[in-house]
Amino acid sequence: MKKINIDEELKYIEKVNEINKGKTLKYYILTMGCQLNENDSEKLSGMLEKMNYKKTLNMEEADLVLFNTCCVRENAEEKLFGKVGEVKKQKENKGTIIAIGGCMMQEEHIVNKLKQSYPYVDIIFGTHTLHKLPQDLYKALEENKKIRDIIDIDGEIIEGLPISRNDNIKASVTIMNGCNNFCSYCIVPYVRGRERSRNPKDIIEEVCSLAKEGYKEITLLGQNVNSYLRVEREKKIEFEEYEGVNSFATLLRAVNKIEGIEKVRFVSPHPKDFTDDVIEAIRDCEKVSKIVHLPLQSGSTNVLKVMNRKYTKEQYLNLVEKMKKMIPNIVFSTDIIVGFPGETEEDFEDTLDVVKKVHFEQVFMFIYSRRVGTPGDRMENQIPEEIKHKRFDRLKALVESQIKENNDKYIGTIQRVLVEGTSKTNEEMLTARTDTNKVVVFEGSKELIGNMVNLKIISEHMWYLKGELTH
Ligand code: 5AD
Ligand code: SF4
């Protein structure tokens, strides 16, 4: 597997550190989008902290402002341009460095707009040049240059970057990058490049060292986790097998064995690649969460075909049935897009039908958003905004009624949960998550944080449950 050598970047970290020595400097980072981006931001933070910047949550006091962008849906664009406008004054007043990175920077029309309307931005980098932040920053500071560091490549793997994690109980571990599926609504394959997997050894060692640091929950991340190492196997790209890991199923089994880790989650798999070995691994591995995120996108076979999802409504439902048979306590969450071009009332009814049949624990609902460069954007039969919104509201009402019904089933049960911290709205209460990812709030001593406890569920409040400690 091709790996990028980061020795040069580590040298630039030293060089910037030299420039910044003795100064009190702060950075502010805003992350948009998915957990993969969050994980990238942890790496960006790791590099910045090694260059003598300390994190602040207050943008106004930052000496360096970094936006890590997402472009999956349209609303992020307005948010970014608003924020970049906001920091202009701050830059004029105190010379704040502005850096923008991530998926949106791989879109030509966005970078052109930034160049034209926001020329004061210091550094723009893409998804393939994240590791070059130290070098880019050095050039911006030392040579006073505007840096535009974006490349289009087929994907390489970067190991060994410093990382500063947001949490000390739960950690994300990216196992693969990129996507080869080209769903017709989705921009990801264009901005994240082709699929490539990390070496098993690098992943296992990362999880082992997280376990040693005291992390309890690991989320394995990728655009398409269940095709982990598939491209490598198919194209005979060399990779080192380690502890028997040569697929996603064997990776789950290996991570499940790591001492100290209590819970293993993963996002996102693709229904078309959900092979039996993965289902068996979920069944056999006691630490692997029994809530599976299985993105549906649409319940209509016609729409799924145009979306290029490569499964039908029946195949999706059969997969769910098969998994329920093999793993009796399994539940599902999903992603759904409403208003994809050409979606008829009948098609939408099919989506509602699948939602009714599967009884998802959680549904992430999205209104279709046209993405420049995708086949979906070029389709002529776009759905009027008003219809999209009406369908969205109908789906939301159905989902909410199901959540209420589902929640009722928890009342009186005993749940074994990982205590995550204090409640955001009430310092006196603790929060935990059930295996099925439901938030439970309860009274208890702060010493329980990071431990597994048993909670009896006493009431439901739509987005969370209330519980009490029990044995
Ligand atoms: N419009 C709306 N939702 C989208 N998603 C991806 N692309 C689009 C788009 N163009 C949703 C999908 C995906 C989730 C991460 O975002 O449901 O699973
Ligand atoms: Fe986008 Fe489809 Fe790839 Fe997911 S599988 S990242 S939705 S193209």
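Student: How do the residues of the shell around ligand 1 divide into nonpolar, polar and charged?

Tutor: In this predicted model, the shell around ligand 1 divides into six nonpolar, two polar and three charged residues, where Ala, Val, Leu, Ile, Met, Phe, Trp, Tyr, Cys and Pro count as nonpolar, Asp, Glu, Lys and Arg as charged, and the others, Gly among them, as polar.

Student: And which residues are around ligand 1?

Tutor: They are V72, R73, Y185, Q297, D335, I337, F366, I367, Y368, S369 and R371, a residue being near a molecule if one of its heavy atoms lies within 4 Å of it. The strands β15 (331–338) and β16 (362–367) each supply at least two residues of that shell, strands being DSSP runs of E with at least two residues and helices runs of H or I with at least four, numbered from the N terminus.

Student: What do the side chains of Q297 and D335 do at ligand 1?

Tutor: The side chain of Q297 has an N or O atom 2.6 Å from an oxygen atom of ligand 1, and the side chain of D335 likewise places an N or O atom 2.6 Å from an oxygen atom of the ligand. A polar backbone atom of S369 lies 2.8 Å from a nitrogen atom of ligand 1. Of the 400 Å² of accessible area that ligand 1 has on its own, the protein covers 85%, by the Shrake-Rupley method with a 1.4 Å probe, for which only the protein chains shown count as cover in the case of residues.

Student: How are the numbers and cut-offs set here?

Tutor: Residues are numbered from 1 along each chain as its sequence is written, while chains are lettered from A and ligands numbered from 1 in the order in which they are written. Because this is a predicted model, local features need pLDDT of at least 70 and side-chain atom pairs count only at pLDDT 80 or more, whereas totals for chains, interfaces and linings use all residues, and side-chain values use heavy atoms, with hydrogens and water left out.

Student: OK, ligand 2 then: what surrounds it?

Tutor: Ligand 2 is surrounded by C179, N181, F182, C183, Y185, C186, V188, P189, Q223, H270 and R309, a shell of seven nonpolar, three polar and one charged residue.

Student: Switching to R165, is it buried or exposed?

Tutor: R165 is buried, with a relative accessible area of 17%, buried meaning under 20%, exposed over 50% and partly exposed in between (1.4 Å probe, protein chains only). R165 sits in the loop between β8 (157–158) and β9 (170–174).

Student: What does the side chain of R165 reach?

Tutor: The R165 side chain reaches the backbone oxygen of S172 at 2.9 Å, and a polar contact of 2.6 Å joins the side chains of R165 and E206; such a contact is a pair of N or O atoms within 3.5 Å, where within protein one must be able to donate a hydrogen and the other to accept it, and residues adjacent in sequence count only if both atoms are side-chain atoms.

Student: Which residues of α7 are buried, and what do they pack against?

Tutor: The buried residues of α7 are P200, D202, I203, I204, V207, L210 and A211, and they pack against β1 (3–4), β9, β12 (217–221) and α9 (248–256), with contact meaning heavy atoms within 4.5 Å. After α7 comes G214, whose phi is positive, near 105°.

Student: Last one, where does S247 lie?

Tutor: S247 lies in the loop between α8 (230–234) and α9 and counts as buried at 10% relative accessibility, while a polar contact of 2.8 Å joins the side chains of S247 and T250.
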